[in-house]
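Please find below some notes on the two-chain model we discussed. They are set out as numbered points, to be read beside the coordinates.

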Amino acid sequence: MCVNQEDNELEILEIIQYFVETLNRYFGSVCELDLIFHFHQTYYILDEILIAGELQESSKTTVHRQIDAQDSLVEAAKEKENTVSYIIA
Amino acid sequence: MNPFSSETRLRDMIRAIRACKTAAEERAVVRKECASIRAAVSDNDNDYRHRNLAKLMFIHMLGYPTHFGQMECLKLIAAPGFPEKRIGYLGLMLLLDERQEVLMLVTNSLKQDLNHTNQYIVGLALCALGNISSAEMARDLAPEVERLLQFRDPNVRKKAALCSIRIIKKVPDLAENFVNPVASLLKEKHHGVLLTAIQLCADLCTVSEEALEYFRKKCTEGLVKVLKDAVNSPYAPEYDISGISDPFLQIRLLRILRILGHGDADASDLMNDILAQVATKTESNKNAGNAILYECVETIMSIEDSGGLRVLAINILGRFLSNRDNNIRYVALNMLMKAISVDGQAVQRHRATILECVKDSDASIRKRALELVYLLVNETNVKPLTKELIDYLEVSDQDFKGDLTAKICSIVEKLSPEKIWYIDQMLKVLCEAGNYVKDEVWHGLIVVITNASNLHGYTVRSLYRAIQTSGDQEAVVRVAVWCIGEYGDLLVNNIGMLELEEPITVTENDTVDVIEVAIKHHTSDLTTRAMCLTALLKLSSRFPSCSQRIKDIVNQSKGSLLLELQQRSIEFDSIIEKHQNLRSALVERMPVLDEATYSGRRAGSLPAAVSTSQGNPLQIPNGVHKTAAPLLDLLDLSADDPAPQSSSSPNFLQDLLGGDILSSVSQSGTTQPQKSGADVLLDLLSTGSSLAQNGSSTADILLISQDNKNKTSVNALDSLSSPMANSAQSLPASSIMDLLDGFGPSPTVPNDNGPAYPPLVAFESSSLSLVFNFSKQPGSPHITQIEANFTNKSSDIYTDFIFQAAVPKFLQLHLEPASSNTLPGSGNGSITQKLRVTNNQHGKKSLVMRIRISYKLNNKDMLEEGQISNFPRDL
């Protein structure tokens, strides 16, 4: 993770903490294996927090809501098709 | 089931890869997987495409090449369903970057997705665009993104705002389009949208001046109000981080206020209250609070001054400094370095804490603190600070000692109040860490010692003591050996005692002992031993009774395998034995080395091509300047001091050289609009130098001709000038003067100050005549057009006729092509050539020009040269 020269270093620490806490809430006591086997979900969460290197949302609940909504969309699509091929992992 | 077919789940593939014990095994597994994925890609398999892409992404994260899967991303993005798009966009962001041409193909899909009804798909597209769009894509899709800034769903609005940041970065021209939408976004309530809008606003302001002005006028008050609300808002669990409500928003607001307030007094006024409130009310026991305070301090330092706030800011930094957390202390030290330029006094108050940080256990804090101390040092506090630093030097780590020594030495050098203190401190440093000290440092010390003539006795006695205790520090040995050689008689006879000294008894034999030990010590390197030999020679003259013993010691180096030592020992031996009469004259007391010259040269010039054997004043008779030359700075010691620009050395040179003729010599050596002009001059000088009897001058002059570069020629002229400055050695100077006078033009009475300038016979010889016709443009009195007419006085034809001219530095010369290269004889025709001269010192100095004409006469090369100094005065 790289930061600009003029960024507030202490704030970056906060953002990292924020990201980890969100992951924690999503995966439930996140550990390294979670990140490895569910890397695409990790990326989805990251995309809800940062875009173009800037913080997108400061409220954890909103982030969760977004992720949950998108996951349910995927689930709904899975139900509709109900084929094995939709099971990625 | 084939373990590597598309039916394998992602999970299983990951497990298989993780189970590999060696790198080779892993490569084999990955290769098989890639093969099956490639097969699936070419089969255009629809069902497992997303799974294959997920596998591909994992393989990519491991570091293997995955370009064959790029088209898969595109196909998935083009698929209608949300899950496919989701993984397709993720693949796009991971496997591709903006430099790939494949990215262009996605533009259309992106456009459609940006207009999709499903807001999550719009979100996906914005995310992908924001992370990896290239400039062309940005340009194409900017209108869509702009429209989305006003979408109904706040989540889409915030993503659109961040996407716009990237668009503006890639295509700064589009910035104006975003200014208006942003202004309305800044009034939102939704924190996410507000956050992103502020970011966008900040980037707009950095990119475009007009945007900055616009936001400054319209939005500053609004933003101040938002900050007030944010700071005073009650507890909201949604945004709470360690007790502070939405610190991210507060930090962003502080940052945008900084951008808006920088350089503008009115805007800064509006912010004063809220900044004071934030600075005082924010709790600082958690990192979030500290982050806010840090941002607040940065803002206060950047906006226009309002006394009280600055003090508040520096106090906060002081509090940070005493915090136990290393991060916070580091950040505080960083900020203090910037704060010094703003308010040095306030920072001085925290000097003690900063000194403590120099001794910290964390290496990066030590470094930062040391740099800060260096900036803080001034005449009043230099003594206690140096004392502290030297005390710490004794206990510091090895890797830190180098930095510390360098800084102490430059502090001492810059700010020492009196010479004796300087010498004392340097001695202490050398004794502690002499091996870390750079060469210029002890060179400088020697320069100072020679200048402090009343302290010679004191110095040599202290050095004598020092070498007994710290003989392992190379620098101490060198300085001590040099001083003992120079001032040995003061040492033995206890001359020049100061009140604070205790008398010591040192016999002549003791001094020779010291040097003998130094020369025989196994760690002494070439320079030290060479210096010892020289010192022994000096002592043999000052202490004739020890001559025999010294001779024996010197003889031992005769067989040395190092050329320098062998040469010196043989030469010195012959001096001691056969040339007793010369000896005392040779090793007379060194003249005082000029400090100003030394520090002037140190500060930005390159080493001259003179022998850099240190501490060897005997080789060249005019010892003063040639010895100063080796003491040139190879690397600038004080990195923090801006080294005076190289332009200072030519000015310094001007002072040394004085005289007009020499000034044109130096100036033409430096910059010439025409290289041919410089060549004229160089050739002139080199023909003159064959008359010169000082061989080293020739070497220096030839140095000019080889390298036209500014600095080297300046330095060569420097050494050239030194024999000239030395009155006894005016021979090369006079030879150059003769050269210049010898080619003087046949004097034609200059017509005085006619407004229409009469033609001037610039140059006349037996075979050639050159007439200048002047004209000036109205309105540009400093530019003169000259038409040069060449006439052939002999009856032969001159071919390959080339005219060259050189002018001093304050003039600029432009030569146009000549009318022809052949000059028919007996005045049957002439060659004309136009020149344009621009006089930067019009009115103060008149034109001066040196010319050179070369032509072929009966296939023989001929050359004529001259100087034209009889231009009309006010040209």
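**Notes on salt bridges, interface and cores**

1. The side chains of Arg216(B) and Asp264(B) form a salt bridge, with N to O at 4.0 Å. Arg216(B) belongs to helix H12 (residues 209-232) of chain B, while Asp264(B) sits in the loop between helix H13 (247-261) and helix H14 (265-281) of chain B, so the pair ties together parts that are 48 residues apart in sequence. Both Arg216(B) and Asp264(B) are buried. The model is a predicted one, and this pair should be read with that in mind.

2. Over all chains, a search of the whole structure gives 42 salt bridges. Two further examples, each within a helix of chain B, follow in points 3 and 4.

3. Arg368(B) pairs with Glu371(B) in a salt bridge whose closest N and O atoms are 3.7 Å apart. The two residues are three apart in helix H20 (residues 363-376) of chain B, which means that about one helical turn separates Arg368(B) from Glu371(B). Glu371(B) has a relative accessibility of 24% and therefore counts as partly exposed.

4. Lys387(B) and Asp391(B) also form a salt bridge, the closest N and O atoms being 3.1 Å apart. Both lie in helix H21 (residues 382-395) of chain B, four residues apart, or about one turn of the helix. Asp391(B) is partly exposed because its relative accessible area is 38%. Lys387(B), at 51% relative accessibility, counts as exposed.

5. Some salt bridges share partners. One network formed in this way joins Glu11(A) and Glu54(A) with Arg252(B), Arg255(B), Arg258(B) and Glu295(B).

6. Now the interface. How many salt bridges are there between chain B and chain A? The count is six. In one salt bridge, the side chain of Glu57(A) meets that of Lys158(B), at 2.9 Å from N to O. The rule for polar contacts finds 20 residue pairs across the interface of chain B and chain A, with both residues at pLDDT 80 or more. On the side of chain B that touches chain A, helix H5 (residues 82-95) of chain B gives the most, with eight residues. Sorted by class, that side of chain B has 27 nonpolar, 14 polar and 18 charged residues.

7. The size of an interface is often given as the accessible area lost when the parts come together. Here chain B and chain A bury about 5,000 Å² between them, and 60% of it is on carbon and sulfur atoms. Within chain B, the residues that lose the most area to chain A are Arg86(B), Tyr120(B) and Phe248(B), together 14% of what that side buries. The contact takes in 45 residues from chain A and 59 residues from chain B.

8. The largest nonpolar core has 240 residues, and the members that touch the most others are Leu92(B), Leu126(B), Leu186(B), Leu204(B), Phe215(B), Ile354(B) and Leu389(B). Helix H26 (residues 474-492) of chain B contributes the largest share of this core, 13 residues. A second, separate core has 31 residues, among them Leu760(B), Ala788(B), Phe790(B) and Ile831(B).

9. Which residues are in contact with Leu204(B), leaving aside its neighbours within four places in sequence? They are Ile168(B), Ala175(B), Phe178(B), Val179(B), Val182(B), Ala211(B) and Phe215(B).

Note on methods
Residues numbered from 1 in each chain as written. Chains lettered and ligands numbered in written order. Predicted model: local features only at pLDDT ≥ 70, side-chain atom pairs only at ≥ 80, totals over all residues. Heavy atoms only, no water. Core = buried A, V, L, I, M, F, W, Y, C linked by side-chain atoms within 4.5 Å. Buried < 20%, exposed > 50% of the residue type's maximum accessible area, 1.4 Å probe, protein only. Contact = heavy atoms within 4.5 Å. Buried area = accessible area lost by both parts, 1.4 Å probe. Polar contact = N/O pair within 3.5 Å; in protein donor to acceptor, adjacent residues only side chain to side chain. Nonpolar A, V, L, I, M, F, W, Y, C, P; charged D, E, K, R; others polar.
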